[in-house]
Amino acid sequence: MSLLEEDTGRKQIAQRRRIDFILHILFVVSTAIGVVALMALIIDIVLDGFMRFAPDLFTNYPSRRASQAGMKSAIVGSLYMLLIMAPLSFILGVGAAIFLEEYAKKNRLTRLIQLNISTLAGVPSIVYGILGLTLFVRGLALERSLLSGALTMTLLVLPIIIVAAQEAIRAVPKARRDASFALGATKWQTVSRSVMPSALPGVMTGVILALSRAIGETAPLVMIGGLTYVAFLPESIMDSFTVMPIQIYNWISRPNEAFHELAAAGIIVLLIMLLLMNFAAILLRNKYQKNV
Amino acid sequence: MRSEVTQPMKASGKSPIKLDFRNEKSHLLDKIVPILLFLCAALSILTTIGIVFTLITETFQFFQKVSIMDYLFGTKWSPLIDPKSFGVLPLLSGTFMITIIACIVAIPLGLASAIYLSEYAHKRVRKIIKPILEVLAGVPTIVYGYFALSLITPLIRGIFPDTGVFNALSAGIVVGIMIIPMVCSLSEDAMSAVPRSLRDGAYALGATRFEVALKIVVPAALSGIVASAVLAFSRAIGETMIVTVAAGATPKLTADPLESIQTMTAYIVQVSMGDTPHGSIEYGTIFAVGMTLFIITFLLNILAQYVARRFREEY
C-alpha cells in the first residue's frame with residue numbers, strides 16, 4: 001500500500017468515526033425529546049393546577065362558579081365505573097384467554113378469533129362509543145346510565161386484557177400441566193388449580209393496566225352521554241353519571257381561565273390515580289418475577 | 001383410558017374404597033367449563049359483528065337520504081347549519097393533516113429512540129428510559145389535549161403570531177408526541193429480534209456502530225419498523241380528544257396547519273354532545289363518518305399485519 005492510499009484510508013476512518021459520533025448525539029437527543037416532553041407536560045400541569053389542588057376539589061360538586069366547583073361526582077363516578085367494569089372484564093377477558101390458550105384446537109375458528117381480537121385492539125375508541133350508543137343506550141334501552149358506560153368500556157378493554165392474560169398463561173411452564181395430569185387431574189382441575197394460580201399475578205398486572213387505560217378514556221363516554229353537570233352521586237347503576245376525564249374536558253372547553261386551573265387540578269387527581277394503579281401493577285409484576 | 005378404568009367401578013355400584021377422585025362433579029365441570037370459556041372468547045366476534053352491523057345499517061339509511069357521491073366528493077361539510085351539505089372531504093383533509101404532522105414528529109423521533117435504545121444505550125440507561133416512555137404511553141389523551149392547549153399552542157403563537165387559539169399544528173405535534181412510545185417500542189422489538197451474529201459479523205469487518213445500526217439492523221428489521229409506522233398512522237387517525245380540544249371545530253379544506261380545522265373523530269364528538277334527535281339526518285352523519293373512520297383504520301391495521309408477516313426476514 002502506498003503512503004498516499006494509507007493516508008486517505010485514515011481520513012475515511014476518521015470521517016466514519018465522526019459520523020458515528022454525530023449520529024450518536026442525534027439519537028440521544030431524539031430519545032431525550034420524549035423524556036423532556038413528559039417532564040414539560042407534568043410541570044405545566046402541576047404549575048397550573050397546584051393552587052386548586054385542595055380539599056374543595058374532592059368535596060364540592062361542579063358549579064358554574066369556578067371558585068366553588070369541585071369534582072366529587074366525577075371521582076365517585078369513575079370509582080363506580082371501575083367497580084362495575086373490573087369483575088366483568090376480568091371474568092370475560094380471562095375466560096377468553098383460558099379458552100384460547102388451554103382449550104381451543106388449532107383450527108380456523110381459533111385463528112379467526114385470535115385475528116379478530118388483534119383487529120379489535122386497533123379500532124379507535126370513538127367507534128366503541130358509537131357501538132355503545134346504539135347497542136346499550138338505545139338497543140337495550142339502558143339509557144345514558146352508569147351501566148351503559150361500564151358495558152361499553154368493558155368491550156373496549158377486553159382485547160387488551162385477553163392478549164395480556166394469554167401471555168401470562170403461555171408463560172406457565174408445560175411441566176406444571178404435565179405434573180398435574182400425571183397425578184390424574186382432569187383438564188379443568190389442572191387449569192384452575194395449577195395453571196391459573198401460577199399465571200394470576202401476570203394476569204392481574206394486565207388487567208390493572210387495562211383498567212387504568214379505561215379510567216383515562218374520554219371519547220366513548222362522551223358518546224354514551226356521560227353528563228358534564230352532575231350535582232349528585234349515582235345511587236344505582238341506572239343513574240346518569242360523569243367521570244373524571246369528562247369533567248376535565250368540560251372545564252378545558254370553557255374559555256374562562258379559572259376553569260383551566262381547575263382542569264389542571266383535576267388532571268393531577270387523575271394522574272395520581274393512574275400512578276397508584278400502575279404502581280400496584282409493577283408490585284405484582286416484581287412479585288411474580290421472584291416466584292418463577 | 002379414563003372410561004375403561006372408571007366404568008367397571010361404576011357398574012359394580014358400591015366400591016368399598018373410592019379410588020376415583022374424579023367424581024361426578026368434576027366430570028360435569030369438565031363438560032360445562034369449555035363451553036362457558038368459548039362463549040367468553042366468542043364475545044369478541046360478537047363485538048366485531050355488532051360494530052359492523054350498527055355502522056352498516058345506520059350508514060345505509062343515511063345514504064338513502066344523501067347521495068354517496070355527494071358524501072365522498074363534496075367539498076363542503078355543514079350538516080348542522082342550513083344550507084346543509086354533506087361532503088366529507090373537509091373532515092378527511094383535517095384528519096390527514098393532523099395525522100401527517102403527527103407522523104412527521106413521531107416516526108423519526110420514535111425510530112431514532114428505538115435505534116438508540118437497542119444499539120447504543122447502556123443497559124442501565126435503557127432501564128430508566130423505557131419506563132419513562134411507558135408512562136408517556138399511559139397518559140390519558142384528554143391530558144395531552146390540555147397540554148396542547150396550554151403549552152404548545154402559546155409556543156406556536158409566539159413564533160407565528162397570526163395563529164388561532166385552535167390550530168392543526170399544535171394538535172398534530174401533540175398527537176405525534178403521544179404515539180412516539182408506540183413507534184419506539186414496536187420498532188425496538190423488531191430490532192432486538194435481529195440475531196446478535198449479524199451485528200458481530202459487521203463489527204468483525206470493522207463497521208462502526210452507526211453502520212451496524214443503519215446498514216445491518218434497520219434493513220433486517222424493516223418489516224417491523226414499517227408495520228409500526230403504519231400502526232402509528234392508524235392510531236393518529238383514530239385519536240379523538242387531543243384534536244377535539246386543540247384543533248377546533250371548523251371543517252374546511254385547507255393546507256395551512258396554522259388554521260383551525262376539524263377531524264372526523266372531533267366531528268363525531270361534537271354531534272354527540274349536542275341534542276341530535278334519534279333518526280334525523282344529522283344523527284345519521286355520526287354513523288357515516290364513523291364508518292369511514294372504521295374502514296380506514298381497519299384497512300391500515302390489516303396492512304400493518306400483512307407487512308409485518310409478508311416482508312419479515314427469517315433468520
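How many salt bridges are counted between chain B and chain A? The count is one salt bridge, a salt bridge being a side-chain nitrogen of Lys or Arg within 4 Å of a carboxyl oxygen of Asp or Glu.

The model is predicted, so local features need pLDDT of at least 70 and side-chain atom pairs count only at pLDDT 80 or more, while totals for chains, interfaces and linings use all residues. Residues are numbered from 1 along each chain as its sequence is written, chains are lettered from A in the order in which they are written, and side-chain values use heavy atoms, without hydrogens and water.

**View 1. The salt bridge between the two chains joins Arg16(A) and Glu211(B).** Their side chains meet at 2.8 Å, N to O. Helices here are DSSP runs (H or I, at least four residues), numbered from the N terminus.

View 2. Contact means heavy atoms within 4.5 Å.

**View 3. Ile129(B) lies in helix H5 of chain B.** Ile129(B) is buried, because its relative accessible area is 13% (buried means under 20%, exposed over 50% and partly exposed in between, with a 1.4 Å probe and protein chains only). Beyond residues up to four places away in sequence, Ile129(B) touches Thr31(A), Val35(A) and Leu117(B). Leu117(B) is 12 residues from Ile129(B) in sequence and 8.2 Å from it in space, C-alpha to C-alpha.

**View 4. Thr163(B) is placed in the loop between H6 and helix H7 (168–192) of chain B.** Thr163(B) counts as buried because its relative accessibility is 3%. A polar atom of its side chain lies 2.6 Å from the backbone oxygen of Phe160(B). Leaving aside neighbours within four places in sequence, Thr163(B) is in contact with Ile156(B), Arg157(B) and Leu258(B).

**View 5. Ile22(A) belongs to helix H1 (residues 3–49) of chain A.** Ile22(A) is exposed, because its relative accessible area is 51%.

Conventions: Helices (H or I, at least four residues) and strands (E, at least two) are DSSP runs, numbered from the N terminus. A polar contact is a pair of N or O atoms within 3.5 Å; within protein, one must be able to donate a hydrogen and the other to accept it, and residues adjacent in sequence count only if both atoms are side-chain atoms.
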